[in-house]
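Here are some notes on the model you sent over.

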Amino acid sequence: SDVCSSDLLPQNILLFLRESKSTLQQEAVQNRSHHRHVLAFNLKTEGHVHIDQLSWTLGPGQAVLIFPYQFHHYSGLAAESLQWLFCTFEIESSDFLGQLRDQVINVSKASRGVLERLLPAWLESAGEYGADMLQPMLLELLLQLKRDIKASAPSTAEHAGNSLVRTVHEILSQHPGKFLQVGDLARELGLSESRLRVLFREVAGIPLGSYIQNHRMNRAMSLLKNTDLRLYDVALKCGFGSPQAFSRTFKMELGITPLKYRKQCHPLALEE
């Protein structure tokens, strides 16, 4: 059974709404707060969610929970106009949420009721509501979503449609230490570079080069936080030719050096 203790209470809760296809897809690349959980609710317009090497159709009335450092993107949106509500948060102990990993959730009436209370509470959190109100409310929502999962058949990842994003992700994941460029992927897929760029942008809504860069940076952030590998080894495992090139790119993309990022994640980490 789930026990309400301090390490189960969500922290640093943030809610936001995405109302256009272009914004949803571009923000997925630009926002690299991958240390946070991302709870996405589809309120309007069907689309595809890609999490690591898996993909699902997410329709109105459904939700998905993306765990920290799961590489994710959205494609195949049925219309430019949409309403997808996101709730991002941090939590000290997320083991009890494991049942929600890699699952599309059919949101029940009970869960919608909690969500309808959570949204105005968050909007007024600077006033009469505070973290003390939001934390148990979001925890209640997460526990209710677990009940929703139990009440329905497990969702199955799709293996057809929008396969290009998944295929590119699989190739990148199979060669984590290799500096793959668009030309390498094009040869692997038997396409010209220009054709691959056009096809990928049509499906994913972003340039292929941006997707590749985001994939590498996401892996680097995960290794910096979750392992004790030297920066040299992190650079090699993420396809950078040298620690210097890794540091330059990391700082350019995130505005902070890899070492400073690691120190933020591990205050007691030793300097290299």
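**Notes on a helix pair and a cavity**

1. Helix α7 (residues 208-226) and helix α10 (residues 258-265) pack at an angle of about 50°, and their axes lie 8 Å apart. The model is a predicted one.

2. An angle counts as roughly parallel under 35 degrees and as roughly perpendicular from 65 to 115. α7 and α10 are therefore oblique to each other. Their crossing is right-handed.

3. Which residues make this contact? On the α7 side they are Met 221, Leu 223, Leu 224 and Lys 225. These meet Pro 258, Tyr 261, Arg 262 and Cys 265 in α10. By class, the contact of α7 with α10 has 6 nonpolar and 2 charged residues, with no polar ones.

4. The volume of the largest cavity is about 80 Å³.

5. The lining includes Ile 212, His 215, Arg 216 and Arg 219. Also in the lining are Leu 172, His 175, Pro 176, Lys 178 and Leu 180, along with Lys 237, Cys 238 and Gly 239.

6. How does the lining of the largest cavity divide by class, and how many residues are charged? The lining has 4 charged residues, beside 5 nonpolar and 3 polar.

Notes: Residues numbered from 1 in each chain as written. Predicted model: local features only at pLDDT ≥ 70, side-chain atom pairs only at ≥ 80, totals over all residues. Heavy atoms only, no water. 1 Å grid on protein atoms, 1.4 Å probe; cavity = no way out; pocket = protein on both sides within 12 Å on 5 of 7 lines; lining within 4 Å. Points joined across faces, edges and corners; volume = space filled by probe spheres on them. Nonpolar A, V, L, I, M, F, W, Y, C, P; charged D, E, K, R; others polar. Axes fitted to C-alpha atoms, helices over the stretch in contact; angles between N-to-C directions. Helix = DSSP H or I, 4+ residues; strand = E, 2+ residues; numbered from the N terminus. Parallel < 35°, antiparallel > 145°, perpendicular 65-115°, else oblique. Left-handed = near helix turned anticlockwise from the far one by under 90°. Contact = heavy atoms within 4.5 Å.
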